[in-house]
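Here is a short briefing to read alongside your viewer. Have the coordinates loaded, and we can go through them topic by topic.

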Protein chains: 2
Amino acid sequence: MPQPERKLIERIQRLTSRRAPGFIIRGIGDDCAILRVATGHHLLITTDLSIEGVHFRRKWHPAESVGHRCLARGLSDIAAMGGEPLACFLSLGLPASLNQAWVEGFVRGFERLAQRFRVALAGGDTSAALRITADIVVAGQIPAGQAVLRSGARPGDRIYVTGELGASAAALKRLFTGQRVKPATAPSHFYPEPRLAVGHWLRKRKMATSMIDLSDGLSVDLRHICDESRVAASIRARAIPVARNATLDLALHGGEDYELLFTARPRAVVPARIAGVKVTEIGGIHARKDYPAAIRLLDENGKARTLEPQGWEHFRERIR
Amino acid sequence: MPQPERKLIERIQRLTSRRAPGFIIRGIGDDCAILRVATGHHLLITTDLSIEGVHFRRKWHPAESVGHRCLARGLSDIAAMGGEPLACFLSLGLPASLNQAWVEGFVRGFERLAQRFRVALAGGDTSAALRITADIVVAGQIPAGQAVLRSGARPGDRIYVTGELGASAAALKRLFTGQRVKPATAPSHFYPEPRLAVGHWLRKRKMATSMIDLSDGLSVDLRHICDESRVAASIRARAIPVARNATLDLALHGGEDYELLFTARPRAVVPARIAGVKVTEIGGIHARKDYPAAIRLLDENGKARTLEPQGWEHFRERIR
């Protein structure tokens, strides 16, 4: 076993032995973890890969940021269902040459976020690998039948987003052009905040008819809602909360904002802030037959054009 | 998105849309999968990485074998708790240069095993990667409080293994020395059989006091039982069911047999075959204070020596 792997396992076991919430009957140390799902609840499971050179670069992202982002991706998926995260599982492939300080930093960033949301590490796997590879699994629970799906949007619904968009992509764009970006100046890229409290608030009040987290970019993720709900959407460029330092284009197509995109019935009174996070109405849902191209953007001059899903993929593919 | 990734997602979605067992409320297509755990049951979760160059080589292992082995690792962990597998999640990192035939083969091998054990694919993630990387997550269930743990062995218990040991390591050894090994001649290496029926049988009758699957090798995995149960063990070399073509050394230290190693009370009547699989008594459990070095091997001449855990790691590290 290469040294980073052995040290990592020891580090992780120390980390998790501190507490074992009631949900976890048995964590690390057996063939499987054993979990208890509360009566009347369903289980949520999500998995997300983070691969060096694809999702992050060691020279751009501090180890703490890589650990944080890895877990944040999973927590954000739980948020997008309106669920409550309970336990996570981390599969880590590490190069033999990796220094121990990097591993410590990764675990620190991961642990800080896990503790804030009271998510216990209940298992995982480690292996040697050519490049750092982290697969995060988050298990959560939700009252049976209450998960907010992508498929619930109906014509007439209004479309909302939390926070501001494009800041993460703006930081990445600067990194690509060779600029240094200090993590403190771009927290939404290096330390994105999973919107668990907002998702939970909306689900509890049955206010969101559909929901998704913005991981691939607004144009792609709104398209997912339209496809799963078999509806179309129109959004107003002027209404989109473009982050400072970002552009409309980055707000529309840049990924990894990890804000929530949701729809609500037209008569629903959606507050301007939920759990301290700004909420902005950006458009409405239409019947698919009225607009087969799915998403229409009303630009700053009020002119309508089709918004093609571009999203994150073309950024991602440049990281190698 | 590189072509293999896009094709893979399409292929996988076709694969899973065919059926959706009652356990799966929502599979692929939303932010999380939603699962229902039966009343009075606990959830089991296990994760296992398979990385090209570490766990398999493309020139040695057909794509079907890689897909089969990937899922078999997870199913074997469920077997070792006495549980019932229900759904799996597959995170796949694929090189952009990978040809479509390989992906098809992988999915075919994976799918065949999944169908045999009625395990549905309920989610996952895909990404570009430098080397093929597969992380398998298997979710299962077990009646609350009935999981067979590693920690239940008591002094006086007898030690048993299923099947025969060392064949997988023997095949790998031949591959390392440059020999060609046809998959049909070494099924336990290329297409290992997760012992789900045996694990279930033992759990239902409360016959096993502790259990683990032999993934790292007998000397390592028996050590896990000893450590978790705070006991010692002695095994008889003559009793170990060494596979044809293997040696005692490979049976003791070679990994990836995916047989079950379990203990039972001395008065338990453990059949010579369970669910069609041979079961062999190989030794007994002792108090740790009587033998602090944990595992004693009585060799062919009846001489006792300490068996150090060596196991699989030193094989694995040679694959690069």
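**Two domains and two chains**

In chain A, domain 1 meets domain 2 through 19 residues of domain 1 in contact with 19 residues of domain 2. Please keep in mind that this is a predicted model. Chain B can be laid on chain A by a turn of 180° and a shift of 0.0 Å along the axis, with an RMSD of 0.0 Å. That is the relation of a two-fold axis.

- The domain assignment places domain 1 of chain A at 3–143 and domain 2 of chain A at 150–316.
- Taken over C-alpha atoms, the centres of domain 1 and domain 2 of chain A are 26 Å apart.
- On the side of domain 1 of chain A that touches domain 2, helix H2 (63–79) and strand S4 (84–94) of chain A each supply at least two residues.
- H2(A) gives the most to that side of domain 1, with 10 residues.
- Sorted by class, the side of domain 1 of chain A that touches domain 2 has 10 nonpolar, five polar and four charged residues.

**Chain A as a whole**

- Chain A has nine helices and 14 strands in its secondary structure.
- Its radius of gyration is 20 Å, close to the 20 Å that the globule rule gives for 320 residues, so chain A is as compact as a globular protein of that length.
- Among the 320 residues of chain A, 56% count as buried.
- Of the contacts in chain A with a separation of 6 or more, 86% are between residues 24 or more positions apart.

**Where the chains touch**

- Here 50 residues of chain B are in contact with 51 residues of chain A.
- Several elements give two or more residues to the side of chain B that touches chain A, including strand S1 (24–26), strand S2 (33–35), strand S3 (41–51) and helix H2 (63–79) of chain B.
- S3(B) gives the most to this side of chain B, with nine residues.
- The residues on the side of chain B that touches chain A divide into 25 nonpolar, 12 polar and 13 charged.
- The copies meet through the same surface, because 100% of the interface residues of chain B are also interface residues in chain A.
- Strand pairing also crosses between the chains: strand S3 (residues 41–51) of chain A and S2(B) run antiparallel and are joined by three bridges.
- Within S2(B), B:Ala33 stands opposite A:Ile45.

**Strand S4 of chain B and its partners**

- S4(B) is mostly covered, with 11 of its 11 residues buried.
- With S6(B), S4(B) pairs in the antiparallel sense over nine bridges.
- B:Leu90 has B:Ile136 in S6(B) as its bridge partner.
- With S5(B), S4(B) pairs in the parallel sense over eight bridges.
- B:Cys88 has B:Leu121 in S5(B) as its bridge partner.
- A reminder for picking side chains: in a regular strand they alternate between the two faces of the sheet.

**A loop residue to look at**

- B:Thr39 sits in the loop between S2 and S3 of chain B.
- Is B:Thr39 buried or exposed? B:Thr39 is exposed, because it has 7 other C-beta atoms within 10 Å, and 12 or fewer counts as exposed.
- B:Thr39 and B:Glu259 are 220 residues apart along the chain, and 30 Å separate their C-alpha atoms.

Methods: Residues numbered from 1 in each chain as written. Chains lettered and ligands numbered in written order. Predicted model: local features only at pLDDT ≥ 70, side-chain atom pairs only at ≥ 80, totals over all residues. Helix = DSSP H or I, 4+ residues; strand = E, 2+ residues; numbered from the N terminus. Rg over C-alpha atoms; globule rule 2.2 N^0.38 Å. Buried ≥ 20, exposed ≤ 12 C-beta atoms within 10 Å, placed from the backbone. Contact = placed C-beta atoms within 7 Å. Domains from an automatic or database assignment. Nonpolar A, V, L, I, M, F, W, Y, C, P; charged D, E, K, R; others polar. Least-squares fit on C-alpha atoms with pLDDT ≥ 70 in both. Pairing = 2+ DSSP bridges.
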